[in-house]
Each structure stands twice: as structure tokens, then as C-alpha cells.
Amino acid sequence: MLAEGQLAPEIDGVPPSGPALLAFFKTDCPACHLSLRYLDDLSRQFTNDATVVGVSQDAPQPTSELADSLGLALPLRFDSDLNASAEYGLEAVPALFLVDRLGRVAGSSQGFDKADLNRLSAALAGLSGSPVPNPARSGDGNPDFQPGCVSRHLEPESDDESAAPVDMYARRARRASRVNVPADTEPEEFCYEQGFADPLPVIPPTVGRVDRMIAASGLDAEDVVAHVPPNFAPASVEKIAANAVMAGCLPSHMRVLVPAVRALCDERLDIHGVQGTTHFAAPLAIVNGPVRLQLGFACGSNVFSNAARANSTIGRAIHLILRNLGGAAPGRIDMSTMGNPGRFSYVIGENEEASPWEPLATDFGIPAGRNAVTFYCAEPPCAVSEHKARTAEVLLRAICPVLANLWSHRVCKRSEALVVIGPEHAATLDRSGFSKRDVVEFLYRNTGIPVREYDGDGGEGTHEASSYDECLIRGVRCYRKFRKPESIRVMVAGGPAGKFSAVIGSWATGPRGSQMVCHGFD
Amino acid sequence: MSTILVNPLDERVPPQGAAAPRLRSLAGARVALLDISKGGGSIFLDRLDSLLREQFGVTEVLRFRKPTFAKPAPEAVLADMRKAQPQAVIEALAD
């Protein structure tokens with residue numbers, strides 16, 4: 001803001017003629033509308049050479065429409081190129097400047113403020129020898145003070161195409177730009193320096209490599225598969241392909257990666273919340289169908305680790321996309337307190353060949369034998385070892401306490417669980433004649449927290465105990481851990497030797513959190 | 001021969017907005033508090049509500065609540081907030 005005593009700059013090429021009260025405004029500012037009503041009344045009270053002048057930051061037509069709607073009679077000038085607004089140094093409108101007979105600033109104010117309005121009106125009257133008006137009274141039905149809006153010249157450039165609002169439904173995207181690697185720089189190091197990657201080395205996404213990836217997808221480079229939260233950047237086929245190349249994917253992997261990105265951004269999964277959570281959760285992808293064997297997904301030994309290129313690289317591509325297009329860089333959007341090793345890559349195949357039951361995707365209506373990718377926002381796996389059990393009941397009793405500890409021991413009805421049964425355990429359950437439904441029912445009915453543990457210490461989960469469901473488990477009064485049997489999902493994966501299973505906890509669940517999603521594909 | 005890469009990042013330039021002008025005083029102001037539904041948030045906001053009235057002369061404290069912290073505020077909540085025309089909004093973010 002210009003200080004008192006400084007020469008008032010020209011407005012649209014003409015210096016202001018004092019004594020005058022200049023009022024900068026824009027047509028879409030509510031505080032300006034309020035201020036203009038008082039200023040218009042004020043302008044009618046000065047009958048000598050003092051003037052009250054409105055200075056519009058908008059074009060004559062919208063200004064004239066506003067003047068008509070408010071019934072304004074005060075003289076108007078235009079600062080359509082906003083040069084004067086910049087020279088007067090205003091930050092907000094309405095902005096008032098009192099100009100004396102020498103053309104110097106004699107007072108100023110920003111925002112709507114009755115006290116300022118009265119003070120500047122009195123000063124204008126003093127400069128012109130007019131009676132002192134009192135245009136704005138407290139208690140007249142309008143607030144004494146209302147903050148203004150940002151001055152038009154400080155707004156973002158509205159003619160910049162890139163500043164347009166996010167189009168959540170765009171089906172086509174611009175082509176990606178091309179980036180020249182300086183001749184004296186290793187491309188791998190260049191990618192790291194440019195922030196293209198997680199901390200591991202990447203395959204540089206050269207035009208040729210990306211083009212081969214796009215061609216394998218059977219889609220156009222500009223086709224948009226999804227918008228990746230929280231920034232909602234369009235995941236075009238070309239952008240997916242560039243990240244897939246960096247992750248080490250093969251062109252054939254686009255067959256899974258493209259539907260996976262679509263499922264990942266399914267609103268029911270709420271990856272938006274998971275991207276910024278302080279919790280451990282990371283999206284885990286589970287692959288079903290013939291594509292597992294065709295592309296060599298690990299479903300057996302080391303299913304959660306670094307056993308197969310398909311799991312490792314598609315999982316890494318998913319997380320690079322979440323970071324590069326969704327914006328979830330660690331320490332900025334991704335604020336996980338402890339993190340999750342699955343944030344590098346978290347993809348498993350179901351071991352359908354070792355399973356006595358229908359595949360996981362059938363829980364979601366996808367027929368057995370069809371390709372599908374299921375997403376679950378997951379904690380890291382918890383290990384279950386049970387090498388002695390010969391019956392389903394004994395085996396499942398080893399899993400129940402691990403389920404009971406999910407999220408926090410005394411919190412019930414909040415989390416969901418994915419139970420990944422190892423093939424040897426699956427065989428034990430099958431020998432006992434347990435269907436998948438029987439397994440789920442048993443786990444639901446036998447997982448609880450003893451009521452005696454809610455002893456008034458105020459710990460997590462104890463405040464909500466009145467909403468929990470009480471039951472008897474082996475003669476002990478307990479609160480049931482899970483809201484319903486469907487809160488527990490069961491699948492089979494892992495190697496042929498070793499009586500191990502895994503229990504994986506969830507993030508916030510249900511319609512107000514994350515729901516598992518399953519998308520079929522060809 | 002130089003290597004040419006395909007840019008794998010979000011290349012949109014985010015819209016930049018200047019910060020709204022600061023209130024010069026809270027005295028006489030109407031202030032909205034947005035509770036995002038995290039556990040304990042309402043306790044914190046109740047205390048803030050009292051402090052704003054008692055120590056800073058805020059005349060009206062409006063309370064709004066997101067149905068879940070896990071998702072963005074629904075349009076209906078934002079519309080209610082806009083309709084109330086608060087002069088300042090304090091959003092109680094989680095943790």
C-alpha cells in the first residue's frame with residue numbers, strides 16, 4: 001500500500017484529481033458490494049469539489065451491470081489492465097485511498113471497515129471544507145467489519161490453460177513432455193535428480209521403451225485410465241507406461257497394470273485417504289485368474305517378497321504412479337508415521353492351484369477363471385505359525401489371537417482382515433471339511449477381547465465398549481472383534497512347505513473409509 | 001547422442017492463489033470451526049471455542065463437521081460453511 005505523502009499514480013493514464021476518495025473494487029467481491037453502497041451515499045453528500053470515485057478492476061460491461069444492480073451514481077474509472085492496482089500496492093479490495101489537492105495519498109484502508117470509512121470520509125470533508133458526514137453507523141444491519149477479497153492483480157493468471165480447475169472426468173490427456181538428458185549425465189542419475197523415482201534405481205523411460213509399453217496396452221497414449229488422488233492427475237496410458245518402464249515392467253505387464261490403476265482409483269477404495277494417512281496402510285493388490293501363470297506372478301514360495309518380476313515391478317509401478325501422479329511423496333503428502341515396506345511394492349497372486357476353495361475374486365462376483373485384481377489397503381503381514389494342529393479348529397485357534405490384536409487390542413468393530421492361508425494349512429482345513437465360509441464363520445465367532453480387559457484405564461478402544469457386541473468364547477465373556485463375518489476375507493497363497501499363514505490388518509473401513517475393490521479384466 | 005525421456009510426472013501447473021487478507025482482529029468476528037471427525041477433535045475444538053469467545057472477543061463460533069476424516073469434505077458441508085459466511089475458518093486437522 002502506498003504510504004501517506006506519496007504521489008498517487010495515474011489511473012488509466014489520468015492522474016487522480018484531489019481531494020478525492022478512490023475506492024478500488026472488483027465486481028465479484030461481496031465486501032466491495034457492501035462498501036460501494038456506503039460510498040455511493042457518501043458521494044451524494046459532497047456538493048463541492050470533493051469526489052468519491054469507484055475504480056473498477058474489471059471491464060466496463062460487468063462493472064456497469066454491477067452499478068445498475070446496486071443503483072450506483074458515483075463516478076467510475078477503470079483499471080482494466082490492473083497497472084494502477086499494482087502501483088498503489090493494494091493486496092485486497094475494497095481498498096480506499098484518500099488523495100489531497102496536491103495529488104498525494106493522505107490516508108488508506110483495505111477491506112470493509114465502518115470505522116475506516118468514517119475516518120476517511122471525515123478527512124475528505126476536512127480537505128474540501130464540507131460538513132463532516134458519518135456514512136456508516138454501527139448497528140445498521142451490516143457488520144462493522146468484513147474482510148475483503150484478494151486484489152485482482154494478485155490472482156493467478158486466469159488465461160493460463162494449466163491453471164484451469166481439475167477436470168475429474170477428462171477421458172483424454174495431453175502427451176507427456178520430452179526431457180533431454182544432458183550429455184554429461186547418466187540417465188539413471190538424471191531420473192533420480194529430477195525426482196522421477198523412489199530411492200531405488202530406475203530404468204530411464206526413453207521414448208522407445210515407453211512407446212513399446214503403450215503399443216502393448218492396445219490403447220492410445222492420450223487415453224486417461226483414471227485420475228490419481230489426492231492431486232487427481234490424469235493417469236494417461238503414456239504416463240502409466242513411463243512409470244512402468246521406470247519400475248522395470250515388461251510391455252506385457254500393461255495388461256494387468258492398466259486395470260490395476262483403474263481399480264486403485266475406484267472411489268470405494270479411498271486411496272485419497274490412504275495416500276495421506278499417518279497409519280501403516282499401503283494398497284495391496286491380489287491377482288486372480290490365468291494371467292497369474294501367463295505373466296509369471298509369484299503365488300507360491302516368497303509370495304510377499306522378491307520372487308517374481310511381475311509382482312515386484314507391477315507393484316513398484318503402482319507406487320511410482322501414486323507418488324508421481326497422485327503427489328504422495330513421503331514427508332509431503334505421505335505422512336505415514338512408520339511407513340510400510342509394501343510402499344515399494346505390494347502385489348501377490350493367489351495360489352489357486354493349491355486352494356481347496358473358490359478364488360478371492362469370487363467373493364466380489366467375478367467368476368472363477370476370470371482375471372481380476374483386488375485392492376486392499378493393508379498393514380504389513382503378521383505371521384502365524386502352527387505346525388502341530390491336525391484339525392481345522394486347532395489351527396484356526398492359532399489365527400484368532402493374531403486377528404484379535406489388529407489395529408489395537410481393545411478396539412473392536414473397526415478393522416477388517418485378510419487372512420492368507422498357506423497351502424499346508426489350507427490342506428488341513430480341507431481335510432476337516434471346512435469350506436471358506438466355515439473358516440470365516442469360525443474366525444468371526446472365536447475372535448474376541450475378554451471383557452475383563454476393559455478395566456477403566458481409558459486406553460484406545462475402551463471408550464466405545466458400550467457399542468461392542470458381547471459373546472462367550474470358550475466360557476469367557478468377550479467383545480466380538482469384528483463387526484460381521486464379511487469383515488474377514490480368506491485366500492490361499494504361499495509355498496508348498498511350511499505350516500504358516502499370514503494375517504493382514506486394514507485401514508479405516510466401510511463406506512466412511514476404505515472398502516476392498518475387485519475389478520475383472522480380460 | 002543425447003537421451004530423450006518421457007516425463008513420468010504430473011505436468012500440470014497447480015493453480016496458485018494469493019492468501020486471503022488476514023483479519024486485523026478477532027474481536028467481533030464470526031469464526032467457523034471445522035471438525036474432521038478424528039477422535040478427540042471435538043474436545044480440542046470445544047476448548048478453542050471457549051478461548052475464542054473469552055480471550056479474543058469472537059462474537060459467534062460456528063461449528064461444522066465432516067462425516068469422516070478419511071475423505072474430503074462433502075459438498076454439502078462446504079455449502080453450509082459458505083452460506084454461513086464466516087470471516088475465518090479454523091480446520092482442526094488430525095493427529
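Before the structure itself, a convention: helix axes here are lines fitted to C-alpha atoms over the stretch in contact, and the angles between N-to-C directions run from 0 to 180 degrees. Helices (H or I, at least four residues) and strands (E, at least two) are DSSP runs, numbered from the N terminus.

What you see above is a predicted model, in which local features need pLDDT of at least 70 and side-chain atom pairs count only at pLDDT 80 or more, while totals for chains, interfaces and linings use all residues. Residues are numbered from 1 along each chain as its sequence is written, and chains are lettered from A in the order in which they are written.

Let me start with the helices of chain A, where the axes of H7 (residues 237-247) and H11 (residues 309-324) come within 8 Å and cross at roughly 130 degrees. That angle makes H7(A) oblique to H11(A), because angles under 35 degrees count as roughly parallel, over 145 as roughly antiparallel, 65 to 115 as roughly perpendicular and the rest as oblique. On the H7(A) side the contact includes Ile240(A) and Ala244(A), and on the H11(A) side it includes Ala317(A) and Leu320(A), contact meaning that C-beta atoms, placed from the backbone, lie within 7 Å.

Turning to the interface, 27 residues of chain B are in contact with 46 residues of chain A. Strand E10 of chain A (residues 178-181) pairs with strand E1 of chain B (residues 3-6) in the antiparallel sense over four bridges, where pairing requires that DSSP finds at least two bridges. Within that pairing, Asn180(A) has Ile4(B) as its bridge partner.

Finally, chain A is divided into domain 1 (20-154) and domain 2 (187-454 + 463-521), with bounds from an automatic or database domain assignment, and 60 Å separate their centres, taken over C-alpha atoms.

Notes
Two residues are in contact if their C-beta atoms, placed from the backbone, lie within 7 Å.
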